Amino acid sequence: MKVVLRTPQKETRQLEGPLTVAEMLKELGIDPEGVIVARGSDLLTPDARLDDADEVEVIQAISGGAK
Amino acid sequence: MKCSVCGAPAQVEVRRRNRAFCAEHYREWFVRETRRNIKRHRMIRPQDRLLAAVSGGKDSLVLWSVLSQLGYEAVGLHIQLGIGDYSRRALETTRVFAAAHGLELIVVDVRESFGLTIPELARATGRAACSGCGLSKRYLMNRVAEDEGFNVVATGHNLDDEAATLLGNVSHWQLDALVRQGPMLAERPGLARRIKPLYTFTEREVAAYAFLAGISYQHEECLHAEGAKSLLYKELLNRLETRMPGTKQVFLDQYLKKVQPALRDHSGEAEVELRRCERCGSVTTGAVCAHCKLWDRAYARAKKRHLLPPEAGFDPQPKLHFLTRAEP
């Protein structure tokens, strides 16, 4: 599967499916609490299954600095 | 995972509440919770005039959008910091959002108003950019509110921001800051009420709302935020949250409920007396406010380094640009 990371720099990774979203994030070493995961216009919960043909985006949620 | 409301496939899990939602019910839940936060703390009252601080990031644009959906007329305030393309893109994102949603926007450019950008201010004072940036933002929010007749300033602070601030204040036992921290700072003469209607949502939940509501926001991080302590605190809290869902919420809620009242009772200090700054007329505790002191110091040092002409003098009056609803 193709994984586009926006954390926040854009980077693309290829992973072998099938995997759940939780397993994918673990494999990428990403804390699930700091990101949202999208497939097209849908967001995915940690138990959602991903296959080789899928393309997903991992979008960073946390930001820092003076607000 | 199924939506707790309708049983359709869920798109967002809110583990700390043991719930999951489809897109439609997540958006409904988010707006309902925001309304509940506003009511619980009486953040907004009839006749209030509301100014929303909007940076172009997810939190402030989500806040502005939800306030508007709840029927509150909030005018946006965007502060141009002068941090290169990052700031230019932030303004563009904010302008596009305001135009698309028919919202009024006030823009203040720090360099146009005060003569230096935030990075130039940092170089001139020798202080970290985030320090001068935070002070200038707080000053401008209150100054614009007072000058333009707004009595409430809403900001997009979320649960992660608040929990990270609390952790920072606790780890250094900053008692003054601990006593003041909260979802609402009361209005005082010359000081607008400060409200944080999104303070119960995690950053992930705000990002999820922005995505599902189709809100286009600036993803890019300010280059000065790299290495910021707030990010470290957030990462540490997220590690705890992943292992123990609800940690951030309990940390903040229980502090506000159990510890802060005791701290206030025992602080032994009466409310600090406020006066007007001799330089700019804004409310402050000393003769000259921290903002004027910072900029006077920056001017003195910038002139020594020939960054400003010798005749330049700091004028604390911000220059405002009003973008009306019709102006794209």
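Modeller: The radius of gyration is taken over C-alpha atoms, and the globule rule for it is 2.2 Å times the number of residues to the power 0.38. This is a predicted model, in which local features need pLDDT of at least 70 and side-chain atom pairs count only at pLDDT 80 or more, while totals for chains, interfaces and linings use all residues. Residues are numbered from 1 along each chain as its sequence is written, and chains are lettered from A and ligands numbered from 1 in the order in which they are written.

Biologist: How do you know whether the radius of gyration of chain A agrees with that of a compact globule?

Modeller: For 67 residues, a compact globule would have a radius near 11 Å; chain A has 12 Å, which agrees, so the rule fits this chain. The C-alpha trace of chain A spans about 40 × 25 × 20 Å along its principal axes.

Biologist: What makes A:Arg49 count as buried or exposed?

Modeller: A residue is buried if 20 or more other C-beta atoms, placed from the backbone, lie within 10 Å of its own, exposed if 12 or fewer, and partly exposed in between. A:Arg49 has 12 C-beta neighbours inside 10 Å and therefore counts as exposed. A:Arg49 lies in strand 6 (residues 49-50) of chain A. In chain A, 37% of the 67 residues are buried.

Biologist: With which residues is A:Arg49 in contact, leaving aside its neighbours within four places in sequence?

Modeller: They are A:Pro18 and A:Thr20; a contact requires C-beta atoms, placed from the backbone, within 7 Å.

Biologist: What makes up the contact between chain B and chain A?

Modeller: Chain B gives 35 residues and chain A gives 21 residues. Helix 10 of chain B gives the most to the side of chain B that touches chain A, namely seven residues. That side divides into 14 nonpolar, 10 polar and 11 charged residues (nonpolar: Ala, Val, Leu, Ile, Met, Phe, Trp, Tyr, Cys and Pro; charged: Asp, Glu, Lys and Arg; polar: the others, Gly among them).

Biologist: How do you know where the buried residues of helix 5 of chain B lie, seen down its axis?

Modeller: The buried residues of helix 5 (residues 118-125) of chain B are B:Ile118, B:Glu120, B:Leu121, B:Ala124 and B:Thr125. Seen down the axis, they fall within an arc of 155°, so they line one face of the helix; the arc is that of the directions from the helix axis to the C-beta atoms. These residues pack against helix 4 (110-114), helix 6 and helix 12 (290-304) of chain B.

Biologist: Why are strand 7 (184-185) and strand 11 (320-323) of chain B called edge strands?

Modeller: Seven strands of chain B form an open sheet in the order 7-8-6-3-4-5-11, with mixed pairing. Strand 7 and strand 11 of chain B each pair on one side only, and are the edge strands.

Notes: Two residues are in contact if their C-beta atoms, placed from the backbone, lie within 7 Å. Helices (H or I, at least four residues) and strands (E, at least two) are DSSP runs, numbered from the N terminus. Two strands pair if DSSP finds at least two bridges between them.
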